[in-house]
Amino acid sequence: MEHEQLLIEAAQKDPSRFADLYEANFERVYSFIARRVQDRHVAEDLTAEVFHHALANLARFEWRGVPFAVWLFRIAANAIADRARKTRQMVDPRMADDLDQSSWHDIERRTTLFQLVNSLPEDQRAVVIKRFVEHKTVRDIASELGRSEGAIKQLQFRALENLRARVGGRDE
Amino acid sequence: MSKQPLIEQLDQAVVELLASGAMPASVDTSIVDLLRIAQDLRELPTPEFKARLRGELERKAQMSAKTVVFRPGFRTVTPYLLPPQPEFVDFLKGVFGAEETERTVTGPGRFHAELRIGDSMLMVGVGSGRTMPATLELYVSNVDEVYKRAVDAGCRQLEPVINAHWDAAFRFGIIEDRSGNHWVIATRLDGHYIPAGRNSLSASLVVTGAAAQVDFIRQAFDARELQRYEWPGGLYAALRIGDSVIGVNEASHEWMRPMPAMIYMYVPDCDALYERALRAGATSLAVPADHDYGDRSGGVTDAWGNQWYMATPL
């Protein structure tokens, strides 16, 4: 927490240091938003909006011992609600601004998962991104990577096993 | 149990998961945890998005950290003309009293020139092989004298000098120069010859669908509408962008045909304005990049064919 306070103070003095706060919180904010809007493009727009807003208003942020992410989640919740109003969608206030303990735990678990993908061996990471982000078939991935379909399925299996081992189980 | 059937089972379950978004109804308990990981991975952000957003934020942070020093004498908006002949520069000097402040040779028979006219700047690109005649509004201290000089220099008279019927203190005439540009030359008769809030030289877009063009400029460039006159089949609006004004006219008769213009804008963050213009519906002409002439700039074109270049001094 002390480390985070130092990062915030550094970024308040020198905005170019905001990148450190971004790296520490990107997956967290994206995870918070993606779970609530269920649309990749909207999630990206809102995530961008949150970080642009945070950068523009960082000077007004006052450290009171609460994690920086909570401030970002508040901005995100407002952005989600604003967007829902503009698109005339009903927004469940529990979904837009659900920062209770269980939600926090779930966000942290997915944040860890998303960050761990980058530490996978390159071939496993490539399969995860092509399969789950780009929604490509095993056949297409095999063709792109010059591997057999069996090899791609094996990489998928190993990647998920690796991630499960590192992130742990999910509370249901 | 061999892993092979599990690998196949897992893939089949992933196919179902990706198709329906829901966990398959019955799967081997040994792969349930893996499927839950797979379910979460559907929300994995793309590395490209993360890198792109970081780049945007870094540029924004740099812009907020440094004070952008704009080029002396330049306003936010500078019209950019593409006359075919180099003599055009002499025409500007002789008729409008323009002062050439810079000339850069860009190739055989080609050059970029910058000229001061009154309190504004004009950019000129000669010899590119492209022409893009535009309409400009120019406030001068004596419209009758300048109009006569223009006609003597070979300009075609489009409207004689008159006092406007809608505003007797607004005296103006319109000419077409030999490069096809239209000049609305005007003098304000009460007070200063340049109306309050205006500058000597402004681009004036002539388009079909002026109301929509105004909406685009407001959205894309954060413009503020200063005035609007509407009449059956016609519209004129003046919009403020930064410290400059730009006119928008409905194309309404023979010589007032659509004339898309080229605009060069100096702004604190050209990347942000470029992105904003794209979000407002513009199409990219050039992604912002650093140039050896000292500006970082990019460009877009709008639905009416106007070309907007946004630049930030490096």
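These legends walk through several close-up views of a predicted model. Local features need pLDDT of at least 70 and side-chain atom pairs count only at pLDDT 80 or more, while totals for chains, interfaces and linings use all residues; side-chain values use heavy atoms, with hydrogens and water left out. Residues are numbered from 1 along each chain as its sequence is written, with chains lettered from A and ligands numbered from 1 in the order in which they are written.

**View 1. Chain B on its own.** Chain B has seven helices and 16 strands, taken as DSSP runs numbered from the N terminus (helices H or I, at least four residues; strands E, at least two). Of its 314 residues, 53% count as buried, that is, under 20% relative accessible area with a 1.4 Å probe and protein chains only. As for contacts (heavy atoms within 4.5 Å), 58% of those in chain B with a separation of 6 or more join residues 24 or more positions apart.

**View 2. Where chain A meets chain B.** Here 44 residues from chain A touch 36 residues from chain B. The buried area is about 4,000 Å², with 67% of it from carbon and sulfur atoms; this is the accessible area (1.4 Å probe) that two parts lose on being put together, summed over both. On the chain A side, A:H52, A:F132 and A:F157 lose the most area to chain B, together 16% of what that side buries.

**View 3. Charged pairs across the interface.** The rule finds 10 salt bridges between chain A and chain B, each a side-chain nitrogen of Lys or Arg within 4 Å of a carboxyl oxygen of Asp or Glu. One of them links the side chains of B:D40 and A:R109, at 2.5 Å from N to O. Helices of chain A that each supply at least two residues to the side touching chain B include helix 2 (18–37) and helix 6 (101–117).

**View 4. A loop residue in chain A.** A:H135 sits in the loop between helix 7 and helix 8 (138–145) of chain A. Most residues other than glycine have a negative phi, yet A:H135, not a glycine, has a positive phi of about 55°. At 45% relative accessibility, A:H135 counts as partly exposed, the class between buried and exposed (over 50%).

**View 5. A loop residue in chain B.** Look for B:D222 in the loop between helix 6 (210–221) and strand 10 (224–231) of chain B. The phi of B:D222 is also positive, near 55°, in a residue other than glycine. B:D222 counts as exposed, at 54% relative accessibility.
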